[in-house]
Amino acid sequence: MSGTLIARDLSKAHGAATILAGVSVTVAPGDVLGVVGPNGAGKSTLLRLLAGVDAPDAGDVRLTSGTAGYLPQEPDRRPGERLQDYLARRTGAAAAEERMNAEAAALADGGGEDYSDALEAWLELGGADLEVRAETVLRDLGLDVALLELETVALSGGQAARASLAAILLSRFDVLLLDEPTNDLDFDGLARLERFVAERPGGAVIVSHDRAFLDRTVTRVLEIDEIAHTASEYGGGWAGYQELRATAARHAEERFDTYSTQRDKLTSRVNRQRQWSELGVKKSKGSDPDKAVVRHRAERSEKQAGKVKASEKALERLEVVDKPWKRWELQLTFGGGERSGDVTVRLDGAVMRRGSFTLGPMTVELAWGERVALVGPNGSGKTTLVQALIGQLELSSGTRWIGPGVRVGTLDQARAGFDGPDTLIDAFVEQSGMTLQDARSLLAKFGLEADEVNRVARSLSPGERTRASLALLMASGANFLVFDEPTNHLDLPAIEQLESALDAYEGTLLLVTHDRHLLEAVQLDRTIELAVTNQF
């Protein structure tokens with residue numbers, strides 16, 4: 001894995017909207033470059049340009065040797081595609097085999113000059129032993145190897161997340177380009193991914209919002225500026241980035257403060273000297289009969305006019321320093337609503353079934369105002385338990401009791417509330433009961449303006465659907481919040497706002513997440529941990 005990826009002065013626009021302007025990147029073997037920036041800044045666009053999926057409007061990308069592999073953010077499961085075929089496609093082995101077979105067929109017609117190169121590429125990408133390695137990786141991830149023959153669209157959410165991880169672990173690209181690889185991974189999956197990234201000799205470019213993952217893996221950070229559409233690079237890993245960025249922000253404020261003080265002083269001096277000059281001219285034109293006095297006043301006025309010009313030139317020569325731009329921030333608050341009874345929800349001896357999966361019997365109680373985290377590996381039944389607690393899943397046996405006055409607000413992992421054919425504004429009005437004007441005003445506070453609210457909801461990005469879901473929760477007045485992987489698809493500033501809002505929330509909170517930093521930032525009363533052995 002010796003390839004170095006070099007990109008120079010990349011620019012890209014979508015219609016009239018500039019996405020990237022003059023971004024340069026170099027990724028050598030062993031480099032792990034973390035790419036950060038707010039949603040919509042162009043992080044995924046940059047990865048697609050580096051991978052050659054899209055062509056830049058200006059600039060160029062080259063790989064000195066080997067291959068670059070791009071694994072996009074959204075799982076691209078396709079109807080009719082087996083898991084084995086999915087892994088072959090995602091690792092690049094399928095395309096390499098297709099090219100090799102084409103060159104082999106051309107040999108019969110006297111062609112196939114590139115057959116040896118095609119064969120070598122297939123071997124380097126691990127095509128020869130992919131099936132054997134795939135079985136080993138699936139077993140390590142706790143998946144039945146029989147799933148290799150199953151269509152990927154039939155996989156559960158947890159199985160799909162581990163299948164995406166398997167594709168990464170099986171890849172042998174010289175440069176790996178990962179877009180939000182930590183989404184939906186459990187703690188074990190995160191640990192495996194971190195080890196894989198840290199131990200592989202090739203370079204990597206990773207877009208991620210998971211701060212703990214970035215802290216453990218990246219060697220440098222590239223921050224994309226959503227206003228200038230340029231990028232700044234910071235060394236020293238994630239900790240170095242945070243320190244250098246804070247220092248740069250402080251220095252920018254200091255430079256602007258110094259400039260503002262100098263500008264205000266010079267402006268005040270110019271105004272004062274101009275007033276003195278004008279006053280002297282008026283007095284020199286007065287009725288004083290003493291010619292010496294008049295001449296003295298005129299000379300003093302001329303000197304004052306000279307001072308005005310000197311001060312004006314000093315003001316013109318003063319180097320302008322722009323005020324540091326402060327990006328839009330998600331102002332998120334959850335009121336908590338009216339207090340419910342002492343017990344928010346209780347399950348007694350509950351058994352829950354979803355298809356062949358069974359969870360329980362379990363007894364669980366959440367008291368009013370309790371802040372509880374629900375954690376466990378994928379497949380342990382977290383979503384099943386959540387749906388049983390809030391009444392979305394019928395119990396096979398046992399009892400459920402939801403306290404009087406409890407108003408449940410949920411943020412589901414799929415953000416399904418805004419995945420339909422209606423426009424965002426229509427779906428929001430229907431679900432919130434708000435007026436059209438109030439709905440537009442609230443969505444605007446979440447960065448969803450006219451261009452977004454009039455689009456079909458399911459066409460929005462995952463981040464936009466997440467912000468719409470948070471806006472709906474903010475308007476609901478729910479006193480029992482249930483959040484399932486809330487940080488998925490949010491940018492880092494929005495995650496920090498979410499942490500503050502949850503920490504200040506006064507109602508009952510059930511938090512399902514694998515975001516380790518979030519679990520540390522939000523003060524919790526207790527943690528419920530599920531394991532695969534919870535199945536009966």
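Helix axes are lines fitted to C-alpha atoms over the stretch in contact, and the angles between them run from 0 to 180 degrees between N-to-C directions. On this basis, α5 and helix α6 (residues 157-170) pack at an angle of about 130°, and their axes lie 10 Å apart. Angles of 65 to 115 degrees count as roughly perpendicular and those over 145 as roughly antiparallel; α5 and α6 are therefore oblique to each other. The structure described here is a predicted model.

The crossing of α5 past α6 is right-handed. On the α5 side, the residues that meet α6 are Leu130, Arg133, Ala134, Val137 and Leu138, and their counterparts in α6 are Ala166, Leu169 and Leu170. By class, the contact of α5 with α6 comprises 7 nonpolar residues, no polar residues and 1 charged residue.

At the level of the whole chain, the secondary structure consists of 17 helices and 17 strands. The chain has 536 residues, of which 46% count as buried. Among contacts in the chain with a separation of 6 or more, 72% are accounted for by residues 24 or more positions apart.

Helix α5 (residues 130-140) also packs with helix α2 (residues 83-90), here at an angle of about 110° and with the axes 11 Å apart. This angle makes α2 roughly perpendicular to α5. The contact involves Leu83, Gln84, Leu87 and Ala88 of α2, together with Leu130, Glu131, Ala134 and Leu138 of α5. The residues of the contact of α2 with α5 fall into 6 nonpolar, 1 polar and 1 charged.

Helix α2 itself is mostly covered, with 6 of its 8 residues buried. The buried residues in α2 are Leu83, Gln84, Tyr86, Leu87, Ala88 and Arg90. They pack against β5 (68-71), α3, α5 and α6. Just after α2, Gly92 adopts a positive phi of about 85°.

Within helix α3 (residues 93-107) lies Met100. Met100 counts as buried because its relative accessibility is 8%, where the cut-off for burial is under 20%. When residues up to four places away in sequence are not counted, Met100 touches Tyr115, Ala118, Leu119 and Trp122. Between Met100 and Asp114, the separation is 14 residues in sequence and 8.6 Å in space, C-alpha to C-alpha.

A further helix pair is formed by α12 (residues 424-432) and α15 (residues 462-476), whose axes come within 10 Å and cross at roughly 25°. Helices α12 and α15 are therefore roughly parallel to each other. The passage of α12 by α15 is a right-handed crossing. Leu424, Phe428, Gln431 and Ser432 of α12 make this contact with Ala468, Ala471 and Leu472 of α15. In terms of class, the contact of α12 with α15 contains 5 nonpolar residues, 2 polar residues and no charged residues.

Helix α16 (residues 492-504) comprises 13 residues. From the first C-alpha of α16 to the last, the helix reaches 19 Å, close to the 18 Å expected at 1.5 Å a residue. Buried positions in α16 are Leu492, Ala494, Ile495, Gln497, Leu498, Glu499, Ala501 and Leu502.

Several backbone features were also identified. In the loop between β6 (175-179) and α7 (187-199) lies Glu180, a residue other than glycine with a positive phi, near 50°. Glu180 is buried, its relative accessible area being 9%. Another positive phi in a residue other than glycine, near 65°, is found at His229. The position of His229 is in the loop between β8 (220-224) and β9 (231-235). The peptide bond that runs from Gly360 to Pro361 is cis, with omega near 5°. Pro361 is placed in strand β11 (residues 357-367).

Conventions: Residues are numbered from 1 along each chain as its sequence is written. This is a predicted model: local features need pLDDT of at least 70, side-chain atom pairs count only at pLDDT 80 or more; totals for chains, interfaces and linings use all residues. Side-chain values use heavy atoms; hydrogens and water are left out. Helices (H or I, at least four residues) and strands (E, at least two) are DSSP runs, numbered from the N terminus. Angles under 35 degrees count as roughly parallel, over 145 as roughly antiparallel, 65 to 115 as roughly perpendicular and the rest as oblique. A crossing is left-handed if the near helix is turned anticlockwise from the far one by less than a right angle, and right-handed if clockwise. Contact means heavy atoms within 4.5 Å. Ala, Val, Leu, Ile, Met, Phe, Trp, Tyr, Cys and Pro count as nonpolar, Asp, Glu, Lys and Arg as charged, and the others, Gly among them, as polar. The expected span of a helix is 1.5 Å times one less than its number of residues. Buried means under 20% relative accessible area, exposed over 50%, partly exposed in between (1.4 Å probe, protein chains only).
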